[in-house]
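Open the model in your viewer and keep the selection tool ready. Each stop below names what to select and then says what is there.

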Amino acid sequence: MTLTIPRIDTRQDDAASLIAALREKLSPRGEVVSDSGRQRTFAVFGEALSPAAVVARICDDVRDQGLSAALRYSQLLDQAQLSAQSLRVKEAELQQAHAAASPAFLTAIRNIRQRIWQFQSALLPRDVRVPAPHGGELRHCFLPLRRVGVCVPGGAAAYPSTVLMTVVPALAAGVEEIAVIAPPTPFGSYNTDLLATCHELGVTEVYRLGGAQGVAALAYGLAGTADGSGQLTKVDKIVGPGNLFVALAKRRVYGEVDIDSIAGPSEVVVIADKTTPVDQTVADMLAQAEHSPGASILITWHAPLLDAITAELDRQCRRLSRGELTRQALADYGALILVRDAAEACAVANDIAPEHLHIACAHAEQLVPHIPHAGAVFVGPHSPVALGDYAAGPSHVLPTSGTARWASGLSALQFLRTKSVIQYTAEGLAAVADDIRALADKEGLTAHRYSVDVRVGEM
């Protein structure tokens with residue numbers, strides 16, 4: 001397959017519309033579905049439903065029918081013959097996976113866990129106490145969520161890194177109950193490295209569920225059978241990445257539970273100049289494109305770099321295990337963008353608001369303040385995106401599809417909720433009574449006013 005990647009020159013009249021079209025394809029609205037996914041939808045439902053319609057039907061069925069629907073969709077969509085007894089990974093299986101894991105792998109997991117824990121723990125806020133001027137106290141308290149659900153992908157590859165990047169921040173926040181779901185595949189909940197990671201982190205609840213049916217099971221819970229098999233207690237929040245169907249299911253159940261984000265395909269924007277090593281830049285681009293779908297976008301003001309990047313992409317693709325899929329992703333969701341200068345590069349990157357931004361040009365640190373819209377920023381030649389994906393400390397669960405304009409990456413902070421505590425003295429209430437009366441009278445809420453008058457007397 002010949003490698004092709006679109007080029008955009010910002011001096012073109014249609015440059016803005018071309019960039020906007022690229023962003024739209026990567027959003028959940030773009031409904032990026034493989035041909036095999038479309039075929040499976042027709043085989044299961046007997047009609048060409050949109051992804052949103054598929055997700056609505058699955059979520060509603062799991063909500064209304066519970067365990068039987070979750071098992072049915074696992075069979076139809078994942079070809080998994082599960083039962084109430086095999087839905088949850090047994091403790092013995094977790095222990096066996098951990099015992100079978102290589103010492104080097106477990107050492108890496110422990111090292112990464114420690115780095116994530118150290119970073120995430122440093123983020124945690126403290127409770128606030130503010131004295132009321134005339135007597136009393138106001139408090140703002142941070143409390144961990146009681147129970148969360150974690151989605152771990154398992155279609156094309158195994159992701160023990162996602163277990164680390166979701167579970168450890170939750171543990172740092174003080175979450176007591178964590179339920180992990182992963183599809184019933186060799187890369188998912190049958191993967192020994194993934195199960196060993198769960199056991200190493202102290203996760204005891206792992207379920208062989210994926211897709212929209214897994215998200216729905218976390219949101220609504222599964223009652224299970226009379227002997228308790230197949231039971232899954234509903235969670236308070238669902239986090240973790242997944243395909244389009246997982247993203248749409250999280251959007252569907254939001255309000256029943258909280259969610260971290262509605263994520264689209266993985267993406268990277270690299271800002272490069274004549275000093276940027278071509279082989280390093282291409283390696284960073286391919287690291288996202290091989291997710292397939294995955295977006296890899298290069299921005300530069302050094303025109304000769306475009307041809308060099310294209311040639312190196314072709315060369316490196318030839319040695320990838322997922323080379324053909326990666327080439328297709330570059331053709332569908334990649335771009336080489338030529339800008340006038342560094343200032344315009346910052347403006348374009350900020351407008352794209354990417355999940356990952358790698359500033360790989362000279363004086364990279366100076367550009368950071370000019371690009372506030374990015375999920376995670378990687379600065380300089382020794383900070384590849386893979387560092388954040390696997391080992392640094394911030395979570396690799398990040399806002400995609402331009403949502404970094406307002407959304408944040410997953411962290412220990414997202415596993416906290418707050419509550420306020422208001423405690424006034426008689427003197428403190430009397431001091432603010434007139435203000436309360438003024439607003440209550442203006443709004444016509446006489447009971448509100450009387451609840452103050454009965455305590456301090458009408459003045």
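**Stop 1**

Select helix H11, residues 278-289. Its 12 residues, at 1.5 Å a residue, should span 16 Å, and the end C-alpha atoms are 16 Å apart, which agrees. The expected span here is 1.5 Å times one less than the number of residues. Helices (H or I, at least four residues) and strands (E, at least two) are DSSP runs, numbered from the N terminus.

This is a predicted model: local features need pLDDT of at least 70, side-chain atom pairs count only at pLDDT 80 or more, and totals for chains, interfaces and linings use all residues. Residues are numbered from 1 along each chain as its sequence is written, and side-chain values use heavy atoms, with hydrogens and water left out.

Stay on H11 and show its side chains. Which residues are buried in H11? They are Thr281, Val282, Asp284, Met285, Leu286, Gln288 and Ala289. Buried means under 20% relative accessible area, exposed means over 50%, and partly exposed lies in between (1.4 Å probe, protein chains only).

**Stop 2: the aromatic pair**

A search of the whole structure finds one aromatic pair. Select Phe45 and Tyr73: their rings form this tilted pair, 6.2 Å centre to centre, with 35° between the planes. Phe45 belongs to helix H2 (residues 35-45) and Tyr73 to helix H4 (residues 67-78), so the pair ties together parts that are 28 residues apart in sequence. Rings of Phe, Tyr and Trp (its six-membered ring) pair if their centres lie within 6.5 Å; planes under 30 degrees apart count as stacked, over 60 as edge-to-face and the rest as tilted.

Phe45 is buried, at 12% relative accessible area. Tyr73 is buried too, at 3% relative accessibility.

**Stop 3: salt bridges**

How many salt bridges does a search of the whole structure find? The search finds 26. Each is a side-chain nitrogen of Lys or Arg within 4 Å of a carboxyl oxygen of Asp or Glu.

Select Asp60 and Arg252. Their side chains meet in a salt bridge at 3.0 Å, N to O. Asp60 lies in helix H3 (residues 51-65) and Arg252 in helix H10 (residues 244-253), so the pair ties together parts that are 192 residues apart in sequence. Arg252 is partly exposed, at 41% relative accessibility.

Next, select Asp260 and Lys250. This salt bridge is 2.6 Å, N to O. Asp260 is in the loop between S8 and strand S9 (266-272), and Lys250 is in helix H10, 10 residues apart. Both Asp260 and Lys250 are buried.

Move to helix H13 (residues 323-333), where Arg327 and Glu324 are three residues apart, about one helical turn. Their side chains meet in a salt bridge at 3.9 Å, N to O. Buried or partly exposed: which is Arg327? Arg327 is buried, with a relative accessible area of 3%. Glu324 is partly exposed, at 45%.

End this stop with a group selection: Asp434, Arg437, Asp441, Arg449 and Asp453 are linked in a network of salt bridges.

**Stop 4: a parallel sheet**

Switch to cartoon view. Five strands form an open sheet with parallel pairing, in the order S6-S5-S4-S7-S8. Its edge strands are S6 (205-208) and S8 (258-259), each pairing on one side only. Two strands pair if DSSP finds at least two bridges between them.

Select strand S4 (residues 147-151) and strand S7 (residues 237-239). They pair in the parallel sense over three bridges. Val148 has Lys237 in S7 as its bridge partner.

**Stop 5: an antiparallel sheet**

Here three strands form an open sheet in the order S2-S3-S14, with antiparallel pairing. Strands S2 (128-131) and S14 (416-424) stand at the edges with a single partner strand each, so one side of each is left without a neighbour in the sheet.

Select S2 and strand S3 (residues 136-144): four bridges join them, and they run antiparallel. Val128 stands opposite His140 in S3.

**Stop 6: strand S12**

Select strand S12 (residues 356-359). His356 and His358 point one way, Leu357 and Ile359 the other way, and all are buried. Four bridges join S9 to S12 in parallel, and Val269 stands opposite Leu357. S12 also pairs with strand S13 (residues 376-379) in the parallel sense, over four bridges. Finish on Ile359, which stands opposite Val379 in S13.
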